[in-house]
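Pick out a few residues along the way and say where they sit.

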Amino acid sequence: MTPEERLLDNLIDMEEAAREAIDFLEEVSLEAFEQDLLRQRAVAMTFVLIATAAARIQTLFPDIASEQPEIAWSKIRRMRNLVVHQYDRLDFRILWETVQCDLPKLVRQIDQLRHPHIQGE
């Protein structure tokens with residue numbers, strides 16, 4: 001696998017996990033999410049997947065983070081650490097808000113990285 005293919009695979013992993021989280025919470029209120037253990041765990045796992053792919057990108061392509069500062073690389077890592085290491089104290093409002101506000105933006109940013117020729121359109 002070429003480095004470009006490896007980068008693309010990890011970007012796709014990030015984007016797919018972000019889209020899954022968005023889909024899991026489509027038309028789901030915060031109140032409903034706070035009562036739905038299965039949905040909470042599913043969404044939490046998407047953050048682990050996003051961060052795992054992001055960490056691989058940063059390891060294999062260290063210049064990416066500096067070249068793409070609009071992507072919240074450190075915020076992604078912090079969210080993963082919160083989900084993994086402090087799950088029992090996790091504020092699901094933060095997860096819900098992140099999915100609603102930040103993940104659509106991340107999907108657009110990744111899409112622009114994957115398809116730079118479309119940016120101007």
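A residue is buried when its relative accessible area is under 20%, exposed when that area is over 50%, and partly exposed in between (1.4 Å probe, protein chains only). At 4% relative accessibility, Asn-10 counts as buried. This is a predicted model, in which local features need pLDDT of at least 70, side-chain atom pairs count only at pLDDT 80 or more, and totals for chains, interfaces and linings use all residues. Residues are numbered from 1 along each chain as its sequence is written, and side-chain values use heavy atoms, with hydrogens and water left out.

**Asn-10 and its helix**

Asn-10 lies in helix H1. Helices here are DSSP runs (H or I, at least four residues), numbered from the N terminus. A polar atom of the Asn-10 side chain lies 2.9 Å from the backbone oxygen of Arg-6. That is a polar contact, meaning a pair of N or O atoms within 3.5 Å; within protein, one must be able to donate a hydrogen and the other to accept it, and residues adjacent in sequence count only if both atoms are side-chain atoms. Leaving aside residues up to four places away in sequence, Asn-10 touches Ala-53, Arg-56 and Ile-57. Touching, or contact, means heavy atoms within 4.5 Å.

**How the helices pack**

Two packed helices are described by the angle between their axes and the distance between the axes. Axes are lines fitted to C-alpha atoms, for helices over the stretch in contact, and angles run from 0 to 180 degrees between N-to-C directions.

| Helix pair | Angle between axes | Distance between axes |
|---|---|---|
| H1 (residues 3-24) and H6 (residues 92-114) | roughly 150° | within 9 Å |
| H5 and H6 | about 150° | 13 Å |
| H3 (residues 37-60) and H5 | about 135° | 9 Å |

Angles under 35 degrees count as roughly parallel, over 145 as roughly antiparallel, 65 to 115 as roughly perpendicular and the rest as oblique. A crossing is left-handed if the near helix is turned anticlockwise from the far one by less than a right angle, and right-handed if clockwise.

Take H1 and H6. The axes of H1 and H6 cross at roughly 150°. That makes H1 roughly antiparallel to H6. H1 passes H6 in a left-handed crossing. From H1, the contact includes Leu-8, Leu-11, Ile-12 and Met-14; from H6, the residues include Val-99, Leu-103, Pro-104 and Leu-106. The contact of H1 with H6 divides into 14 nonpolar, no polar and 4 charged residues. In this scheme Ala, Val, Leu, Ile, Met, Phe, Trp, Tyr, Cys and Pro count as nonpolar, Asp, Glu, Lys and Arg as charged, and the others, Gly among them, as polar.

Next come H5 and H6. H5 and H6 are roughly antiparallel to each other. H5 passes H6 in a left-handed crossing. H5 supplies Lys-75, Ile-76, Met-79 and Val-83 to the contact, and H6 supplies Ile-94, Leu-95, Thr-98, Asp-102 and Leu-106. By class, the contact of H5 with H6 has 6 nonpolar, 1 polar and 2 charged residues.

Then H3 and H5. H3 and H5 are oblique to each other. Their crossing is left-handed. Among the contact residues are Ala-44, Phe-47 and Val-48 of H3, and Trp-73, Ile-76 and Val-83 of H5. The contact of H3 with H5 divides into 12 nonpolar, 1 polar and 2 charged residues.

**Residues inside the packing**

Val-83 is found in helix H5. At 6% relative accessibility, Val-83 counts as buried. Val-83 touches Ala-44, Phe-47, Val-48, Leu-90 and Leu-95, not counting residues up to four places away in sequence. Val-83 and Val-48 are 35 residues apart in sequence, yet 7.4 Å apart in space, C-alpha to C-alpha.

Thr-98 is in helix H6. Thr-98 is buried, with a relative accessible area of 12%. With residues up to four places away in sequence not counted, Thr-98 touches Phe-47, Met-79 and Leu-103.

**Residues in the loops**

Asp-91 is in the loop between helix H5 (73-85) and H6. Asp-91 is partly exposed, with a relative accessible area of 37%. A polar atom of the Asp-91 side chain lies 2.9 Å from the backbone nitrogen of Arg-93.

Glu-27 lies in the loop between H1 and helix H2 (30-34). At 79% relative accessibility, Glu-27 counts as exposed. Glu-27 has a positive phi of about 60°, although it is not a glycine.

How values were computed: Helix = DSSP H or I, 4+ residues; strand = E, 2+ residues; numbered from the N terminus.
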